Amino acid sequence: MADILQQRLHALATEQNIEAVVGIKRGIERETLRINQNGSLALTPHPKGLGAALTHPWITTDFSESLLEFITPATDKIETTLAQLADIHRYTVKQLGEERLWPSSMPCFIGEDTLIPLAQYGSSNVGRMKTLYRKGLHNRYGSMMQAISGVHYNFSLPHSFWVLYQQQLGDQSTLQDFISEQYLALIRNYKRHAWLIVYLFGASPAMCKSFLAGRQSPYPFQQLGKGTLYLPYATSLRMSDLGYTNSAQSSLSITYNNLPEYIAGLHQAVSQPSAEYQNIGVKQNGEYQQLNGNVLQIENEFYSTIRPKRTTESGERPTCALAKRGVEYIEVRALDVNPFSSIGISAEQMRLLDVFLLYCLLQESPTLSDEQQTVTERNLRKVVTDGRRLNLELLQDGNSRLMLDWAEEIFADMMPIAKWLDEAYKSNGYQDALKKYYVCLLDPAQTLSGQLLNQLLSTQQDNGHFMLAKADEYLAQLQNEDYQFYNPEAFTKAAAASILAQQQIEQQDSLSFDQYIAEYFAEVPACN
């Protein structure tokens, strides 16, 4: 264990300090496609029983009307978060008629990407802007890529931890500036080591052939059955170059060395014209095609495996919220949907993530240059496509290193952190989770991607058939289980309240859509 990590952990784990870490808050955002009984994409509108996607607190849509997104509020107990997520699933499946929820990150069979309906949010300016942003994504990248699903893990440490940690480090800045600085330090180390999370939790080594839609593949895929393509050592095709990538972003310099630098990089990206996207045109024959012709239409278009976040006020831009009030929590975005869970993630995964994120925070975290950040991205891409390959090597500090040796070292450093958390939370869950996933280092077949591909190959089963069977299994399971946290009345009330809230937003609009867009983008210089 590195000296600095050992020193910091020793001070935090003393008897008088150990409870300071209790109160970690987590929230989950889980995306999932609605599918028909035959496994094809459901093209129906957002179900009325789920309320208004614009304003519902727990159930919304992502890129498409067919792509649901479930959001749990931030809570300080893993069991509560999972109960909330399960109840959201339970209620939703009962509003879908004959439809199901697709349990994989890579999409179901989709005939052509023009069939994928854009998410609709009503007639208000904010609702129209959300749909227009998605239209811009379609015109820039095509819709197929946007039908990929993931799980986002929102994580924040309690105030008591930050007060203690700032004292231990002898930091003299304001507490909020210290918190922002430390979350960015965590993010830099996360980027250095994100390949480990993709190795363990990547769960998309195979996909439906329809995803390529006649495009040339950058990878030497093998075929299984009539409709499945796979890479034998892949962990996460969702995180590959087939997924959410933006070639124009490669020229951007968005770094995580301090908050003003990060915000400035994003501001530049949303202000910098792109010749490629300007050729699309903002309007054609008087009809909007995208929000603007810049490299990024808005900040959310920038793809990253992790983001610093601050809750935004209505109409406020994410970077302006960060500039005004600092980092509040982090959003981990490198997670595939777990196809072996009815709700896409497990308690053991959440515990491993808690330990890993604290490891990233407590380790020394030097600044990351553009060149060093490029190395972290190359390491990630290697694990994405070849993570289970024997003797795979990554680059660490300019030298080649066996991935599994590096992973062993990280696990050894994480075990005392797991012990600290178990002592603080009076449990064994963190150490048990570490032991469970350590087996994946000894046997790559135990990773989620290894388990999935082995099942497909041993039964010679199409990925689509396997996932449809899982969708049917989870539908029956969710329909037959009792609610754990919410109740049906809570969802009925939330749906009705969301519809009313959307109507009120629509009635209160006073600007034309052109004026609204102009004022929204005028906030960038104003929030500096």
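Visitor: Before that, what kind of model is it, and how are residues numbered?
Guide: It's a predicted model: local features need pLDDT of at least 70, side-chain atom pairs count only at pLDDT 80 or more, and totals for chains, interfaces and linings use all residues. Residues are numbered from 1 along each chain as its sequence is written, and side-chain values use heavy atoms, with hydrogens and water left out.

Visitor: OK, where does threonine 255 sit?
Guide: In the loop between strand E8 (228-230) and helix H6 (259-271). Helices (H or I, at least four residues) and strands (E, at least two) are DSSP runs, numbered from the N terminus.

Visitor: Is threonine 255 buried or exposed?
Guide: Threonine 255 is buried, at a relative accessible area of 6%. Buried is under 20% relative accessible area, exposed over 50%, and partly exposed in between, with a 1.4 Å probe and protein chains only.

Visitor: And what is threonine 255 in contact with?
Guide: Setting aside neighbours within four places in sequence, threonine 255 is in contact (heavy atoms within 4.5 Å) with Glu261, Tyr262, Leu368, Asp370 and Gln373.

Visitor: Which side chain makes a polar contact with the side chain of threonine 255?
Guide: That's glutamate 261, at 2.3 Å. A polar contact is a pair of N or O atoms within 3.5 Å; within protein, one must be able to donate a hydrogen and the other to accept it, and residues adjacent in sequence count only if both atoms are side-chain atoms.

Visitor: Switching to the sheet: what's the strand order?
Guide: E6-E8-E7, three strands in an open sheet with antiparallel pairing. Strands E6 (206-208) and E7 (222-224) are at the edges with a single partner strand each, so one side of each has no neighbour in the sheet. Two strands pair if DSSP finds at least two bridges between them.

Visitor: How many bridges join E6 to E8?
Guide: Three. Methionine 207, for instance, has leucine 229 in E8 as its bridge partner.

Visitor: Now helices. How do H5 and H9 cross?
Guide: The axes of H5 (residues 175-201) and H9 (residues 347-362) come within 8 Å and cross at roughly 135 degrees. Axes are lines fitted to C-alpha atoms, for helices over the stretch in contact, and angles run from 0 to 180 degrees between N-to-C directions.

Visitor: What does that make H5 and H9 to each other?
Guide: Oblique. Angles under 35 degrees count as roughly parallel, over 145 as roughly antiparallel, 65 to 115 as roughly perpendicular and the rest as oblique.

Visitor: What about H6 and H8?
Guide: H6 packs with H8 (residues 318-325) at about 160 degrees, axes 10 Å apart. That makes H6 roughly antiparallel to H8. The contact involves Leu259, Tyr262, Ile263, Leu266 and His267 of H6, with Thr319, Leu322 and Ala323 of H8.

Visitor: Which residues of H4 are buried?
Guide: In H4 (residues 159-169), Phe161, Trp162, Leu164, Tyr165 and Gln166 are buried. Their cover includes helix H1 (3-12), H5, H9 and helix H11 (403-425). Just after H4, glycine 170 takes a positive phi of about 65 degrees.

Visitor: Last one: where's glutamate 299, and what does it contact?
Guide: Glutamate 299 is in the loop between strand E10 (287-288) and strand E11 (306-309). Glutamate 299 counts as buried, at 4% relative accessibility. Beyond neighbours within four places in sequence, glutamate 299 is in contact with Leu266, Val270, Arg307, Arg317, Pro318 and Thr319.
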